[in-house]
Structure formats: structure tokens, C-alpha cells
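Please look over the structure below. The report that follows takes up its strands, a helix and its cores.

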Amino acid sequence: MSFLKSSSRFLGGLLAVALVSLRCAPDVGAQALRVELRDSSTAAPVSGVLVTALDSTGARRADGLSGDGGAVTLRLSVAGTYTITIRRIGVRPRQVPGVVVEAGGTRTLALTVASVQQMLARVQVVARNTCGRAPDGDDRTGALWEQVSLALRAAAITQREGVALPPLRVIERTNELSPTLEERGTAVTRDAQGAGRLVQADDPVSLATLGYVRRDDDGSMSYFAPDEQVLLSDAFLATHCFSTPKRDRNALLAELRFQPIRGRRVADVEGTAYVDVNTGELRQIAYRYVASRQLLPIYAEHAGGDVFLRRLPNGAWIVSKWSIRMPVFGRSIAGGQAIVTGYREAAGLVQDVRRNVPVHQPPER
């Protein structure tokens with residue numbers, strides 16, 4: 001009985017940010033805009049608000065997340081007049097046009113943001129399929145994409161700017177699973193505090209062109225998982241369709257589904273993003289590999305993975321749990337046909353050191 005060697009290659013952004021706070025120096029301009037945000041109902045400072053500066057053409061010039069004090073400073077490469085977009089989880093976006101930032105100075109802008117609303121539960125369900133672009137509009141598909149993209153962009157900023165994270169412990173395992181995903185064995189491959197895993201990134205254009213499953217020169221297979229940069233990229237949007245079901249499987253989790261557009265000839269991903277209907281927070285992205293029977297036969301139905309996300313009290317977003325399942329192939333004894341004899345799963349879990357519980361587990365009430 002012969003087996004193909006499998007290897008997993010995770011993309012760096014979304015998965016790495018759960019493990020280590022990376023401090024990358026932003027592009028520092030000669031002028032800045034400091035935005036101070038307070039809740040319109042309580043007047044309390046609001047953390048975790050995504051603030052974006054758009055120039056006169058609508059291009060994004062700077063963005064950042066408000067911290068514990070409700071403030072964020074945007075460094076701008078050129079002076080000018082900007083439109084400021086305010087995006088808070090569970091609240092409709094707000095734009096503030098005509099904000100002038102003069103050369104060489106720092107302008108302070110005090111704004112209020114609406115309190116969190118149960119907006120997703122109230123959005124009218126309209127069946128709509130959006131292909132080749134980001135969903136928009138007031139229907140449920142557009143409303144869900146707004147919340148999903150906000151969480152993904154916040155995760156990207158958390159990584160890019162090295163937002164302060166609590167003490168974290170990362171536990172990684174390799175699990176051997178049966179064809180129906182029962183556990184056959186497990187081994188801890190990493191158990192460390194304050195250190196991230198080595199990850200290999202691939203850019204969105206390469207994934208759209210070459211696919212998410214590839215055969216290496218030595219005959220092994222490499223599996224790539226989508227991260228926040230991929231899911232937000234023009235390449236991913238151009239090659240996928242987005243839709244919402246008529247009825248969600250869980251009344252508390254709204255579903256935004258994505259799948260490759262017709263005619264894709266490389267191994268791709270389809271899946272579902274799950275959003276909390278009461279808070280608007282992105283909870284999980286589940287995906288599976290599709291569209292390439294030469295590399296991944298249709299009977300490898302469980303090949304794929306999951307990414308669980310959590311928003312921390314200071315507004316930072318991290319990945320709290322993840323997995324990627326790779327099929328192991330063999331031959332049936334009777335007819336010698338290729339079959340899936342099991343799955344090899346690379347999985348990780350992030351623990352809050354102070355509470356000694358998984359980050360994705362909510363605090364006791």
C-alpha cells in the first residue's frame with residue numbers, strides 16, 4: 001500500500017498574528033491625524049474601531065485601530081483633504097468628509113460612534129449572489145461582508161502594527177484521523193509561550209493562478225490556507241462568488257458562503273464565514289478544497305480546514321484556533337482502487353496564560 005507524502009503550508013498573516021505580536025514600523029509621513037472616538041450613548045472611549053483615511057480619489061491612504069483609550073493616529077504621506085471612514089463591529093459604517101490635514105502638523109478629530117446594534121438579525125433576507133467583486137448594498141450578503149471584511153482588516157492591522165496582546169501560549173498538534181475524522185492518534189509538535197510558528201506565505205495572485213493544492217517536485221502535496229490578505233484581495237474577489245442561504249443552520253450565526261466562479265481549472269477553496277448575529281463579530285471561517293480532481297479526488301470530501309477568530313478587549317483581533325486537513329491516499333485491497341485511508345491534520349490552539357483557558361472560550365459569567 002503506497003501513500004503520498006503531505007505537507008501543510010499556512011499563509012503568514014491571519015495565522016501568525018494569533019501567535020506573536022509583530023512590530024513593523026509603519027510608513028511615517030510628516031503629518032498625522034489623531035482620531036479620538038467615544039460611544040454616542042455612554043461617552044466611553046471605544047476600542048477596536050477601524051479608522052481609514054481616503055484621498056480625493058477614494059484610495060485608502062492610511063488606516064488603524066483605536067486602542068484602549070479610544071484613540072488612533074494615522075500617519076499621512078501628504079497633506080490634503082481626506083474623507084474619514086469609521087467602521088465598528090455591529091454598526092453601519094460612517095463617513096466624515098472634508099477633513100483637512102495641514103503639512104507638518106497633527107490634527108485631532110473627536111468623533112462619536114454609534115452603540116453596537118443587532119443589525120444582522122434585522123437585515124431583510126434577500127437572495128443575491130455576487131460574483132467577481134466584494135458584496136455591497138443593504139441586503140444580507142452585503143451586510144455580512146461588511147462585518148467579515150472589517151474583522152479581517154482589523155486582524156491585518158493587529159499584525160502590521162504589533163498591537164499589544166496578552167500573554168499567550170500556543171499549542172500545536174499533528175492529528176491522525178480516520179476517513180470519517182475520528183481521531184487515531186495525536187502528537188504535540190509545539191508548546192510555547194510568546195512565540196509564533198514558522199509559516200510560509202504565498203501571495204493572492206499566485207494562489208488564484210496556481211491553486212491552493214499543488215504537487216511538489218518530490219511528489220508530495222502542498223496545501224495552502226487562505227488568510228486575511230487573500231480573502232480581502234482583488235484576486236480572491238475576482239475568482240469567487242458570495243451568497244447567503246435562505247435559512248442559517250444556526251439561528252445565532254449568520255452565514256456568508258463563498259465558492260469559485262465557474263470555469264476555474266485549478267484547486268481552489270469554497271467555504272463559509274460565520275458571523276454572530278447579535279454582535280456582528282466574525283467567529284469562524286470553514287473551507288474545503290475543490291475544483292481539481294487530478295490533485296484532489298472528489299472522495300476526499302473532508303480536505304480543508306477551519307479558522308476561529310476572537311476579538312480581544314482592547315480591540316485587537318487574533319486567530320484563536322485553526323486546523324488544516326490533508327488526505328492520505330492508499331489502495332483498496334480488493335480492487336486496488338485509490339481510496340482515502342485517513343487525514344493528517346495540523347492544528348493549533350491559543351491559550352490565555354493569565355486565565356489558563358483557550359482564547360476562544362468566553363469568560364465565565
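Strand E15 (residues 253-260) and E16 run antiparallel, joined by six bridges. Phenylalanine 258 stands opposite glycine 271 in E16. Helices (H or I, at least four residues) and strands (E, at least two) are DSSP runs, numbered from the N terminus. Two strands pair if DSSP finds at least two bridges between them.

This is a predicted model: local features need pLDDT of at least 70, side-chain atom pairs count only at pLDDT 80 or more, and totals for chains, interfaces and linings use all residues. Residues are numbered from 1 along each chain as its sequence is written, and side-chain values use heavy atoms, with hydrogens and water left out.

Strand E16 covers residues 268-276. Eight of its nine residues are buried (under 20% relative accessible area, with exposed over 50% and partly exposed in between; 1.4 Å probe, protein chains only). E16 pairs with strand E17 (residues 282-290) in the antiparallel sense, over eight bridges. Glutamate 270 stands opposite arginine 288. Aspartate 268 stands opposite valine 290.

The hairpin of E16 and E17 has five residues between the strands. There, glycine 280 takes a positive phi near 80°.

## On to E18

E17 is mostly covered too, with seven of its nine residues buried. Five bridges join E17 to strand E18 (residues 304-311), and the two run antiparallel. Arginine 288 has glycine 304 in E18 as its bridge partner.

## A sheet of four strands

An open sheet has four strands in the order E4-E3-E6-E7, with antiparallel pairing. Which strands form its edges? They are strand E4 (60-65) and strand E7 (94-101), and each pairs on one side only. The twist averages 25° from one strand to the next.

Inside the sheet, strand E3 (residues 50-54) and strand E6 (residues 80-87) pair over five antiparallel bridges. Valine 51 has isoleucine 86 in E6 as its bridge partner.

Helix H3 (residues 140-161) lies across E3, E4 and E6. H3 runs at about 85° to E4. Axes are lines fitted to C-alpha atoms, for helices over the stretch in contact (heavy atoms within 4.5 Å), and angles run from 0 to 180 degrees between N-to-C directions.

## Nonpolar cores

A nonpolar core is a set of buried Ala, Val, Leu, Ile, Met, Phe, Trp, Tyr and Cys residues joined through side-chain atoms within 4.5 Å. The largest has 59 residues. Among those with the most contacts inside it are Val148, Tyr212, Phe236 and Ile285. H3 gives the most to this core, with nine residues.

A second, separate core has 20 residues, including Leu33, Val72, Val99 and Val101.
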